[in-house]
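Here is a short note for a colleague who is new to this structure. Please read the points with the model open.

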Amino acid sequence: MGDRASAPGLVRPVGLPTRILIVDDDPLIRCQLESLYPADLYAVESASTVDEAKEKLGASEFALAVVDLMIPGSDGITLTREIRERWPAVDVIMITGYGSIKNAVEAMRQGAYDYITKPFEPDDILLATQKVLERRHLLSEIEYLRKELSDRYTFANMVSRDPVMIDLFSTIEMLAQSDVTVVITGESGTGKELVARAIHFQGKRKAGRFVAINCAAVPEALLESEFFGYERGAFTGATQDRVGKLEYANGGTFFLDEVESIPLAVQAKLLRVLEERAVERLGSNRRVSVDMRIVAATNKDLAACVAAGSMREDFYYRINVVPLHLPPLRDRSADVPLLVTDFLRANPMAVEKGIRRVSDAALAQLMAYSWPGNIRELLNVMERAVLRAPGDPIRDVDLPGMDRQVVRKSDDADFRVPLREHLRTAERRYLARLLDHYHGSIAPAARHAVVDQATLHRKIRLHGLNPSEMRRGEGRRTAHAPTK
């Protein structure tokens, strides 16, 4: 049989040896199967009867059971069914003789992962074992992503494992302790209001009100009265005094969403309020002191708005003190499993229907999609998926535009490739961005990724990445950085 340890395609388990149970009444077959697996990599036990197999399964944790179809006193199909019911973490490979293919197919219906016909070649068993263990590793990686919603990746109702977003969380914590004006930029649906709320509720003004207004949703004729309020009789229909939102936000935070939509005349009045910290209601000569923080948001280029004449330059400089940019979801696809898990935990219908996850195939589609509507679109897709799903897991996701090939063009992610290949690509992209962020430095990158340095080194070698190149690249970027 040659050097078993160097058999082509043989999976080398990481950590403790992988436990395998062989169930066959033929001692020669048992001996042959046992000899295939190197003792330093696999802990192999055998059983000659169904009862003995169940006793061993109950006493130890096995990753794989290699089961003969024909076992005296019972059969492999019955045992396979019982394994799937009582020990669902154990995968099964069925061994069958010629002429028993129908029974082997039935065994796979009952939960066997694969079957091998007798007489078999050693490589047949090893290849089947490789497929099983690779599948187990893939599923464990997916489960790891689903369980990554820890405090490490959760901040103020936002979840992310992306290095840019983790840095953003730290910046928010810092900004929350000051009153500096902030402008949040990013595409529609990226969560700009969540960031604004985090700045408010993580800071010293959290006891005050968070007052939000969508400047594009209020008609231009009404926007001034919404901001400043009015006195009774100020205009036709003003039958009583009304406090404006600026005054109402006193002591708290005033959030201007789609700030680029504010008319020029209102920008001038708002600028005066920001400079003097006092507001006059329409129809009144009395100035009311206000003390609030301003946070604005936009999905436009405000500098371009100034150039186009739709935003006052002085107003732009007054609000654009600290800019924060939110990356689109397509640039942080590793967050999709976290966001999906977070949604399913919080959605009342998902909780009621007992839906806790999506299938592997559905997850692959979600991660391959470009998300032009960003997180808002993802949540809408999950709402529909939960509504239509008969139970756990969600197997079908309705992705608008998938039939128009709306997939990410910036990488090779494609729902038509195997999930393992897609996750490998996503992991490489994550590691490349992580190392680039830390300029190739292993220690802080490992702390950020919450893995030990040996694991990070192993994954870096696996993906052919070179941290030293990133360190040299940083030097070149610093040397040639433009002077501002």
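1. Strand β1 (residues 18-23) and strand β2 (residues 42-47) run parallel and are joined by six bridges. Strands pair if DSSP finds at least two bridges between them. Helices (H or I, at least four residues) and strands (E, at least two) are DSSP runs, numbered from the N terminus. Opposite R19 stands A43 in β2. Between β1 and β2 the chain passes through helix α1 (residues 27-36), in a right-handed β-α-β crossover. Right-handed means that, with the strands pointing away from the viewer, the path from the first strand over the helix to the second runs clockwise.

2. This is a predicted model: local features need pLDDT of at least 70, side-chain atom pairs count only at pLDDT 80 or more, and totals for chains, interfaces and linings use all residues. Residues are numbered from 1 along each chain as its sequence is written, and side-chain values use heavy atoms, without hydrogens and water.

3. An open sheet has five strands in the order β11-β14-β17-β10-β18, with parallel pairing. Its edge strands are β11 (210-214) and β18 (322-325), each pairing on one side only. Within the sheet, β10 (residues 182-185) and β17 (residues 293-298) pair in the parallel sense over four bridges. V183 has A296 in β17 as its bridge partner.

4. Which residues of α13 meet α15? V336, P337 and V340 in α13 meet L363, L366 and M367 in α15. Contact means heavy atoms within 4.5 Å.
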